[in-house]
Amino acid sequence: MVDGAGRGGDEDGRPGRLSRERVLAAALDLVDREGLPALTMRRLGAELGVEAMSLYRYAPGKTALLDGVVEALFLQLEDRLARTPVPKTAAEAATPEWRAELHRIARITYQVCLDHPEGAPLIFTRFTEVPLARRAPAVLRDHERVLDALWDAGFEESRSATVLRAFTAWVLGYVSVELRAVVDNPREPDPAFRLGLYRMPSEELPKLRATAPALAERGGPEGLAAGLDALLDRFLESAP
């Protein structure tokens with residue numbers, strides 16, 4: 001489990017025993033607090049109370065450290081999924097188990113990403129650079145988890161791949177929009193100045209200026225679920 005990644009060491013104040021999970025959790029914690037530019041071997045070593053060289057057995061370089069932050073996010077996702085059963089409300093009781101499972105995965109992925117807004121964008125960038133087979137086991141298990149649900153629904157291999165791509169694109173795309181920078185000046189109480197609308201030419205961008213206040217609001221898990229239902233319905237309608 002990587003929630004609450006910690007600095008420092010054991011209860012008596014001595015540096016704790018290093019492990020890959022502890023190193024990655026500390027890296028994610030550092031990124032959460034100070035952003036990606038703060039993530040260096042030297043700084044992470046200081047957080048853990050060890051020399052930077054001690055970390056190379058767990059992450060042999062900055063790129064591996066970035067991939068490690070992604071791994072820490074997926075380990076946290078995995079842990080939360082293990083502790084969050086499929087809901088059994090009256091309305092959801094009629095939902096097929098495979099579909100409820102996809103909603104559960106999507107919702108908790110969303111929650112993890114919004115809890116770690118500084119680290120979550122690494123998922124998007126590293127997925128474009130790291131080949132499938134080289135991704136961390138926790139990431140691969142997440143792909144397998146989605147495929148398990150799709151195979152349970154009766155989707156064959158080729159169609160499962162298509163739906164997996166669409167599912168991943170929707171969930172990560174939705175999260176990226178939720179995390180996008182919209183507010184220009186958070187301290188400004190006036191909405192127009194808060195959003196910096198004066199920077200947008202009113203004659204050239206009238207629709208964007210009018211829509212900006214709504215864009216500044218998050219769609220939340222409800223929007224995520226609605227889009228996922230629409231996507232799954234489309235694939236079911238087009239099933240042979």
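By class, the second largest cavity has a lining of six nonpolar residues, one polar and no charged ones. Here Ala, Val, Leu, Ile, Met, Phe, Trp, Tyr, Cys and Pro count as nonpolar, Asp, Glu, Lys and Arg as charged, and the others, Gly among them, as polar. Before going on, note that this is a predicted model, where local features need pLDDT of at least 70 and side-chain atom pairs count only at pLDDT 80 or more, while totals for chains, interfaces and linings use all residues. Residues are numbered from 1 along each chain as its sequence is written, and side-chain values use heavy atoms, with hydrogens and water left out.

Back to that cavity. Its lining is made up of Leu73, Phe74, Leu77, Thr109, Val112, Cys113 and Ile123, and it holds about 40 Å³ of space. A cavity, on a 1 Å grid over the protein atoms alone, is a set of points where a 1.4 Å probe fits but cannot get out, and lining residues have an atom within 4 Å of a point. Grid points are joined across faces, edges and corners, and a volume is the space filled by probe spheres set on the points. H3 and H5 each give the second largest cavity at least two lining residues; helices (H or I, at least four residues) are DSSP runs, numbered from the N terminus.

How many cavities of 30 Å³ or more does a search of the whole structure find? There are two. The largest has a volume of about 110 Å³, and Phe74, Ile105, Thr109, Phe127 and Asp142 are among the residues lining it. Helices H5 (97–115), H7 (137–152) and H8 (157–178) each supply at least two lining residues, with H8 giving the largest share, five. This lining has eight nonpolar, three polar and one charged residues.

Now look at H5 itself. This helix has 19 residues and runs 27 Å from its first C-alpha to its last, close to the 27 Å expected at 1.5 Å a residue (the expected span is 1.5 Å times one less than the number of residues). Of those 19 residues, 15 are buried, so H5 is largely enclosed by the rest of the structure. Buried means under 20% relative accessible area, exposed over 50%, and partly exposed in between (1.4 Å probe, protein chains only).

Next comes a pocket, which is an open set of points with protein on both sides within 12 Å along at least five of seven lines. The second largest pocket has a volume of about 200 Å³. Of its 15 lining residues, Asp67, Gly68, Arg134, Arg135 and Ala136 are the closest to its centre. Helix H3 (62–83) gives the largest share of the lining, five residues.

Finally, the charged pairs. Side chains of opposite charge can pair when their charged atoms come close. The structure holds 17 salt bridges, each a side-chain nitrogen of Lys or Arg within 4 Å of a carboxyl oxygen of Asp or Glu. In one of them, Glu71 meets Arg20 (2.4 Å, N to O). Glu71 lies in H3 and Arg20 in helix H1 (residues 20–34), so the pair ties together parts that are 51 residues apart in sequence. Glu71 is buried at 11% relative accessible area, whereas Arg20 is partly exposed at 33%. Another bridge joins Arg83 and Asp79 (2.9 Å, N to O), which both sit in H3, four residues apart, about one turn of the helix.
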